[in-house]
Amino acid sequence: MGHILVSQLGKAYKRYPNRWARLFEWLDPRGLPRHEPRWVLRNIDFSVSPGEAVGIIGRNGAGKSTLLKIITGTTLPTEGRVAAGGQIAALLELGMGFHPDFTGRQNVFMAGRLMGHSSETIAREFGAIEAFADIGDYLDQPVRVYSTGMQVRLAFSVATAIRPDILIVDEALAVGDVFFQQKCFARIRAFREAGTTLLFVSHALGSVYSLCERAILIEDGRIALDDKPKAVIDLYNARLVQHANLDPAALQVMEEAAADTPHPNPLPQGERGPEGEGCQRVQTVGSYATAGAGIESVQMLDSGQQIVDSLISGSEVVIRVRIRFAAPYADPHAGFQIRDSRGEAIFMTTTYGMRQSLGLVRAGTVVEVDFFIRHLALAEGQYTLTAGVANEGSHQGEFREALARLQNALAFTVLRNYDAIHWAGVYNLAPQCEIRRVGGGG
Amino acid sequence: MRPQFSPSHFVPVMLRSLWAYRGFIFANVGREFAQRYTHSLLGGLWAVLNPLVMILIYTLIFAGMMRASLAGHESNPFAYSIYLCAGLLPWNGFADIIGRLQGVFPQYANLLKKASFPRSCLPLIVVLSALTDFAIVFSLFLLFLLLIGQWPGWPLLALFPLLLIHVGFAVGLGLLTATMNVFFRDVGQFVGVALQFWFWFTPIVYSTAILSGETRSLLAWNPLYPLTQAYHGLLLGHAWPDWSSLLGVTVLTLLLLWLSARVFLRLVGEIVDEL
């Protein structure tokens, strides 16, 4: 019970050259196909042991949802086989096919019957379902007046009313509010402890990291990597940055971060470098280079000098900025800025601010600046890194001449650190705590 | 491994899974019924009111015209009404089954795409739902016969085999076209048009007595003609049907059921992808 075996699975949709082709295909006595198969999944092989929790990640359209639909039996595979043992509860997308005109109560019974439960079983569990969904009087209102959050609450409550052997969750939880999400995760964890197999699809990499012991990255309908979550998330993030201009999820972070946030070193218009041949790298809004200097690369490295795109909160990182100067400067400085997904600057500093100096540079000098951060204890989420170069710092972090800036040079993900204390906010201050009894009886 | 599409192989499996989902099926039949009347004040009354008005209109318009042609029933003031109902009510049931089946897969697209359940539940739900409406209206008609002293007596038992063939024919034809309708929406439109022709091609409103011999011979091509004839004989003449006349339509029904099951089973997987 609870195992899933997927072997040589493939799913193709039929693509016909025109409307009539299907009719001709039906009528053709020789049975010649007139369509081209469009493969959305191919050669998928994996197995999940009972009680295992596997996260499935991939970009939009990679085939994750199709895979789950085949496992649940909603869609038939074109080739290959799926074997799943035991009762499956699936939360595919939103609402489980609730009927809008009927009340939450009626839909609960409907959905329960659809899962193969008897009316008696549903009636017995109804109190628990009602309590978990916690939508109050809305239970007797038609579902069409529900908010999406309420629909998800009810759908999750019904789907998980009875512990299934296999629980399949597809993005559904992204909708609810944070308190309900926590309640759901608590229930999922409880199921896990009781031996339920979990298949979890999410863009929230932090959830995959914390819930799953294994992850599968699906790319263009194939398994790109099947490994520990950390390794899979790293690969996924690496690909995400590669495709940054194509992927809506990554692009969103970039765009939001690039939105007009105040420049750390306000730049007078006249001092902006000459346009044209000097402007070599304009990556995103807000980036520029002058004839005098350009940022060659910005990297984020872990303690082992490996380039990383995701890290666990509190890890040690090195931000490495490489600058090539094309003209001599007396007192150039480098700086970096970390911004969150809303584009708010979380932190910024410069070598000037750190009372360091790059020294005099000549045309052709290449400088590499490493900023060591012992504990990057940011809250989980997506961040971007921006780097800049300027000349001649003056008081209060301003510079006489801005030379180059690489806006949102890279994006990285901070994952929750489950070894750390429980905390909330922007940055883990890692407080110490001392408790003394200073009065009263012992 | 290529799945088999032979109905003989699938039907026992299908029946077992349908039984397991009987709760779901009956709940949906009830829901379909409730859904139609959930926002109305008169509720289920509309299920009766609609055919009642239709019968009244036809009676008012055609009764005088047809009286003469219903030979042997001149003494019965309700003869034409009974004649009309005997043909019209089963026809409505027949057209209702076929019509609703056309829309069943698009109607339940949301569910088909999101949940896993035996797909054969869906046609069964709409067929049972159409039969519920038919049962209500037809019971009222039988009650009316009882009240006016026209109760047919024992031959009424023949109604069961007649309706069985009639429903089987509707299901076979409806499921076949409904499955094709998912891929070519023209089919559903065509069925709607064809049903209108078919209605007037069947002696429901008129009697065969007004037709010329040539036209009457055309009726031999209408598989519903022997059924309609049997209903008329049964409900108006209180006579047992001529069973031999029903042989053709019975064979045709079995053929359609087999064909529709075969097509449905072959295409059921593709239906979800197409919606």
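## A helix pair in chain B

Helix 2 of chain B and helix 6 of chain B make a right-handed crossing (right-handed if the near helix is turned clockwise from the far one by less than a right angle, left-handed if anticlockwise). Everything here comes from a predicted model, in which local features need pLDDT of at least 70, side-chain atom pairs count only at pLDDT 80 or more, and totals for chains, interfaces and linings use all residues. Residues are numbered from 1 along each chain as its sequence is written, while chains are lettered from A and ligands numbered from 1 in the order in which they are written.

## Who meets whom

Contacts (C-beta atoms, placed from the backbone, within 7 Å) involve Phe24(B), Ile25(B), Asn28(B), Val29(B), Glu32(B) and Phe33(B) from helix 2, which meet Cys121(B), Leu124(B), Ile125(B), Leu128(B), Ser129(B) and Thr132(B) from helix 6. Sorted by class, this contact has eight nonpolar, three polar and one charged residues.

## A sheet in chain A

Over in chain A, three strands form an open antiparallel sheet in the order 11-13-16 (strands pair if DSSP finds at least two bridges between them). Strand 11 (293–302) and strand 16 (366–376) are the edges, each pairing on one side only. Neighbouring strands are turned by 15° against each other on average, direction ignored.

Strand 13 (residues 315–325) pairs with strand 16 over nine bridges; Ser315(A) has Leu376(A) in strand 16 as its bridge partner.

Note on methods:
Helix = DSSP H or I, 4+ residues; strand = E, 2+ residues; numbered from the N terminus. Contact = placed C-beta atoms within 7 Å. Nonpolar A, V, L, I, M, F, W, Y, C, P; charged D, E, K, R; others polar. Axes fitted to C-alpha atoms, helices over the stretch in contact; angles between N-to-C directions.
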